[in-house]
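Let's take a walk through this structure together, one contact at a time. Keep the 3D view open and follow along as we go.

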Amino acid sequence: MLAPTVTIQSSSRPSSTMGERENMASTDGSEEKHEPNVKEIVAPARLNVPQLDNNKSESEDEDYQEVSRPTQQMVHVGPPGYWQSMPNSRAASPGNDNGSETSSVMPAPVPGLAASRVAKEKYNHLSYWKARKVTFFKNGDLYFPGLELRFRPGRDIGNLEALLDKLSTRMDLPRGARYLFSMDGIRVVSLDQLEDDQSYVVSSYKSFKNANYGKKSGGWNSTTAPTTSSGWTRQSSMSRKQSVADANELTSATSGLNITKSSTTRVIRIINNFDHTVQCRVLLNLRTTQPFEEVIEDLGHVLKMNNAKRMLTVSNQEVRSFSQLRNEFSDVDTFYITSESRVLSPPFRRSRSRGALAVEPIINTVPTKAEKQRRARSKSRPRTLYAADTDIVKVPPDYTVLDMMKEDPIRVQIRGTRKTFFPPMVHSPADDSPPDKRLALNWIYGYRGIDTRRNLWVLPTGELLYYVAAVAVLYDRDEESQRHYIGHTEDIQCMDIHPSKEMVASAQKAGRTRKTQAHIRVWSPETLYTLYIVGNGEFEEGVSALAFSQLTGGNYLLAVDCGREKMLSVWQWQWGHLLGKVATMQTEDILGASFHPLDDNLMITYGKGHLTFWTRRKDGFFEKIDIIKAPSRTVVTSLQFEQEGDVITADGDGFITIYSVDSDGAYYVRMEFEAHNKGINALIMLPEGTLLSGGEKDRKIIAWDSLQNYNKITETKLTEVYGGIRSLYPQRPGRNDGNIYVGTIKNHILEGSMQRRFNRIVFGHSKQLWGLAVHPDDELFATAGYDKNISLWKRHALLWSTQIAYECVSLTFHPFGTALVAGSVEGYLIILNAENGTVVSSVRVCGSALTCMGFNPAGDTIAVGSQNGSVYLYRVSRDGFTFKKSNKIRGVQPLVHLDWSTDGNYLQTVTAEYDLVFWDVKGLIQEKSASAMKDVKWYTYNATIGYLVSGIWHNRYYPTSSMISTANRSAAHDLFITGDTDGYLRLFRYPCIFTKSEYNEEKVYSGQVSSARFLYNDRNVVTVGGTDAALMLWDVIED
C-alpha cells in the first residue's frame, strides 16, 4: 500500500494587508484564534474526505478564507474523531509553537490500516503535539520576573528530572532546581502534572514559601497572553514584568538627551518628599500590567524610602494613574514620591555644620559656566544623589522601572585601609529597616568544665543548672528541654545557689564597654527574671568567687574581684549595700570563697599558695588568719565542711586536710591523708556523712566515710575519653541513693553511681572550636575543633563523634550530603562518610593550615584556601569520596573565607587583612579588576566584606572598632547573619548597603564568634564561639 502524500497549497486569493485581515477576522466573534505563520496541509484526493457544506453563506466563507489567508492554515481532512473535532472546525495547527525548541509535522492517517500500523494512542491527542507554555518562579523571590518555557512533554523534555536540570542552568538558585511546587504549595512529582498556561515555583529545598509571586515585579501568577480584538495572539507572551515598548523607542529613550516622548514610555525625575536631596531619573513603562500603586512603591524603593503611596506634582496635584502621566501631566517632568498628601516645602534636611539648606525647585535648564563654578566652590551645597541625563542606561526590559541610575562605589575603612566595593548593575532593593525576624536561643551544646570550678547544681525541679559562655542553662532530662537565662553580656565566671534554692547569683567578667561591666545578677530560676543587680562598676576585671551566706536567710553575698588587689567584698544584696571590703593582696587568682555554715561573719578564701580565714567585725573591718601563705606551693582547689563545722580542703597534690579549732580559737590540722595520685578538683559532702572526692589526673571518684576516720568506702574510674573530674553533685539532693552527676574537664556531663557505670548525657568540645558546616538538605550540622573530634548533630541530638589524628579548623559538606570534608592545622584534608562518621581517606595538601574550603555547585571540584594564601583545586568524584589534585593558584595573604560563583568559574576569598580577592578558576589566575567582578552571582556568601554587605561596617548603631569575624547569607537571600570579635550576633536584611541599616542583636559570647551559619531551611542558625568552644542553636522567629 502506498504511503499517504501531503501537499502544500497556498491560498488562491491575493493577500491583503494586516489591518484588513484584522478587521475581517474580527467580524466573527465566535471564531477561534489562529497562530500566524502556519501553512495549510490538505490530504490527497484519493482519501475518504468528508464534503464540506457548500450551502454555507458566502460571507462566512469569505471570513474563513480571510482568516486563513495570512499564512496558510493547517487543516486535517479525514475520518471524524481523529482530531476530536469536525472537519470544518478551525483548530490550531498541531505543529510546534513559535517558542518550542523543535518542530515536527504529523503524518496523515491512512484509513483501513491496523492499529499497529498507526501511531501510538497518545498521538491521537492534541496535547501531545501542542507545546505547553509554563512560567517558573524562584521560591521566596518576589522580585524574580519569571522564566517562561515552551516544551512538549515526552518529546522536548522527557521527564521531570530533565526539566529540573534545564531550570538549573537558566535560574540562579542556591543549590540548583531540585523541587517543583504549584502556586498553592503542592509538590509536582511528574511532568504530566504541569498544565498549559500556568505558573509554578522552583526551589532548591523541600520547603515551599508562600508569597505573591509576580506581584512585586509587575505581573500576576497567571501568564495567559492577552489577545487583541482581531483574535490574533501576540507572538511574545506576557512575562511578569513585561515592557511593550518597541526596542527602537527604548533605544531612543536612553540615548543621551534626545529622549522622544511616546505613549508607552516616560522619562521623569522623581524626588523623595522627605529628603529633597535624594533624587533619581527613571524610564517608566506606561503600558505595564503592574498596578500603579505598586509602581509607586517600587519608585519609593529607588529613593530609599518605605511606604510610598502617592505621586505628587510640584503644585501638589496627585497623580493616580498611568493615563494621567500620559495625558494630563504629559508636560510635567518632576514628581514627588511620598506617603503624605502634600509636598513638604524644602528644605527638610539640615546640614551638620550650617542652618537649613535652601533647596530650589528642580528646573530642567542647562546651567551656565559661572553657575557651575559657583556650585563647585560651595561647601554647604548638598551632594546630589542622582546622575545626569547623559548617564541614563538601558537595563533589561524585565523591570517596570526600566532605568535606575548607576550607584556610586562604596568605600569602607577597615584597620586603617580604605576598601572600595563596586555596585552590581542589578540587585534586590536594599532596606535599612530592621528585619522582621529575630534570633531566639533554642539549645546549648556542651558544658564549661575546661576552665571553671564548682559549676554544676541540681534544682528542686530536677533540672541541671550550669553555665556556658554568658548563658545559664537549666536542662530538664525528663522533658529533654532547656531553659536559658541570658541576662549577662559577658562570660559567667562563677555562680552560687541561695540556701532556699529559689534564687541564683551569677557574676560575669568585665568587657570593653560600659554595657559589659563586671557585676553580679540575682535571678529567679523559676521565672528567669532578674531580681537584683549588685556591684555594677565596683569590680575591676571580674568576679572569681561568689557565695551566699548560710545563716540569716542568706542575706549576705560574698564576692572576690579579679583585679590587681583581689578585693574581697560583702554585700547585703537585697538593697545593694556594700557592708565592707578588704584587699587580699594575692598575686595569683583566688579559686574560691565561702561563708562558714555556722557563722556569717567568718569567711574563707583559697587558691594557689593561699588559705585564709577572714572575720568581719561590726565596724566593717576584717581580721585575717593565714593558714597557708606564700611562698608555699600548695594549691588549695576545693573546700567543704563537716557537720560540726570543721573545714575540709583538697589540694593539687592529691591530699585531703581537715582543720579544727581548739579551745583558744586557734586553727590546727586535725587530719591529713593522700587521697589521689594527683590533683583533686571536687569535694562534695553528702547528708549521711559520706565525702566524695574527684581527681583530675587519675579520673577517680572515691567515697570516704567521715564518721569512721575517713576510711575509703569505694572508688570508680572514668574512661580516658571523658577526662578528669571537674565537679560533683548528687542527682537528688537529700536522698541517699548514690546517684551523682559528674562534670568533666573535657566539657561532658555524666550520670551514674559508684556501683554502676557512668553514661554521658551532655557532649561538648573541650578545646577551641572553629569548624562548622551545615547539611545541604537536612537539619544536620557538623563541628570540628582542636580537640580532634568531628561531630554530627541533628537538632538536639548527637548522631556520631569521630576522633581523628589532626586538629581541625574548617569543615564543609559535599552538595549531595554524602561526604564530609575537614581541613586540619597540619595541612591535611580528612574525608568522612557523613552517614556513620567513618574516615574514608586523608589527603596531604600543604604544610599550612587549611582555613577555608568549599565545593562548587556541581560538586565535582573543591577549592581549599590555606594560611599561606594559595588556593588548591581538587577534582572530586564518587559523590565526594575521591580526590585528585588539579591545580594551585598562588596567593600571598592568609585566607579566612571562601565562596564559589553560581557558574563555578570564579572564587571570592577574604584575607586576614579584610581584602576581597577574586580568582579565575579556569584561567588559574587572580582576578585583579574588582569592577569586572561586580555582576558575578555567588553560590554562597560567607564573605564579611563586599558591596551588598557594606552596611555591616561602620554602622552608626554600634562602635566602628567592631571587627566582623564571620557572616552568612540565608538560602532565600533575604537575611544576613554576622558575628564579630566582641561576641555580638547581628541579623540584618540582605542586601545591607546603608550605614544606617538596622538589625536585631544578641550578645551571649565574650570572645570572637568563629562561625555562624543558616540551616538549609533558614529556620535556624548555628553559631560557634571559637576559643570557648560554645556551640549554640538559634531559632529564627518573627519579631
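**Salt bridges, rings and a strand**

With a relative accessibility of 63%, arginine 564 counts as exposed. Keep in mind that what you're looking at is a predicted model. Glutamate 565 counts as partly exposed, at 31% relative accessibility.

That pair is one of a set: the structure holds 30 salt bridges. Another of them joins arginine 266 to aspartate 333, with 3.7 Å between the closest N and O atoms. Here the partners come from distant parts of the chain, 67 residues apart: arginine 266 belongs to strand β7 (residues 265-272), while aspartate 333 is in the loop between α7 (322-326) and β11 (334-338). Is arginine 266 buried or exposed? At 6% relative accessibility, arginine 266 counts as buried, whereas aspartate 333 is partly exposed, with a relative accessible area of 27%.

Next, look for lysine 700 and glutamate 715, whose side chains meet in a salt bridge at 3.6 Å, N to O. Lysine 700 sits in strand β37 (residues 700-705) and glutamate 715 in strand β38 (residues 711-717), so this pair ties together parts that are 15 residues apart in sequence.

Now for the rings. A search of the whole structure turns up 26 aromatic pairs. Take phenylalanine 181 and phenylalanine 208: their ring centres are 5.6 Å apart and their planes are at 50°, so the pair is tilted. This pair, too, links distant parts of the chain, 27 residues apart, with phenylalanine 181 in strand β5 (residues 179-182) and phenylalanine 208 in the loop between β6 (198-203) and α5 (247-253). Phenylalanine 181 counts as buried, at 4% relative accessibility, while phenylalanine 208 is partly exposed at 21%. The two also belong to one aromatic cluster, formed by Phe137, Phe181, Phe208 and Tyr213.

How do the rings of phenylalanine 548 and tryptophan 573 pair up? They are edge-to-face, 5.9 Å centre to centre with 80° between the planes. Phenylalanine 548 lies in strand β23 (residues 543-548) and tryptophan 573 in the loop between β25 (567-572) and β26 (577-583), so the pair ties together parts that are 25 residues apart in sequence. Both phenylalanine 548 and tryptophan 573 are buried.

Stay with β23 for a moment. Six of its six residues are buried, so β23 is largely enclosed by the rest of the structure. β23 pairs with strand β24 (residues 556-561) in the antiparallel sense, over five bridges. Alanine 547, for one, has leucine 558 in β24 as its bridge partner.

The charged end of arginine 616 sits over the ring of tyrosine 556, 5.4 Å from its centre. Likewise, lysine 1003 lies over the face of tyrosine 984, at 5.2 Å from the ring centre.

Last stop: the surface. Tyr529, Leu531 and Tyr532 make a nonpolar surface patch of about 310 Å². You'll find tyrosine 529 in the loop between β21 (520-523) and β22 (530-534), and at 59% relative accessibility tyrosine 529 counts as exposed.

Terms used:
Residues numbered from 1 in each chain as written. Predicted model: local features only at pLDDT ≥ 70, side-chain atom pairs only at ≥ 80, totals over all residues. Heavy atoms only, no water. Phe/Tyr/Trp six-rings, centres within 6.5 Å; stacked < 30°, edge-to-face > 60°. Helix = DSSP H or I, 4+ residues; strand = E, 2+ residues; numbered from the N terminus. Buried < 20%, exposed > 50% of the residue type's maximum accessible area, 1.4 Å probe, protein only. Lys NZ or Arg CZ within 6 Å of the ring centre and 35° of its normal. Pairing = 2+ DSSP bridges. Patch = residues over 30% accessible without salt bridge, like charges linked within 9 Å, V, L, I, M, F, W, Y side chains within 5 Å. Areas by Shrake-Rupley, 256 points an atom, 1.4 Å probe, with all protein chains shown as cover. Salt bridge = Lys/Arg side-chain N within 4 Å of Asp/Glu carboxyl O.
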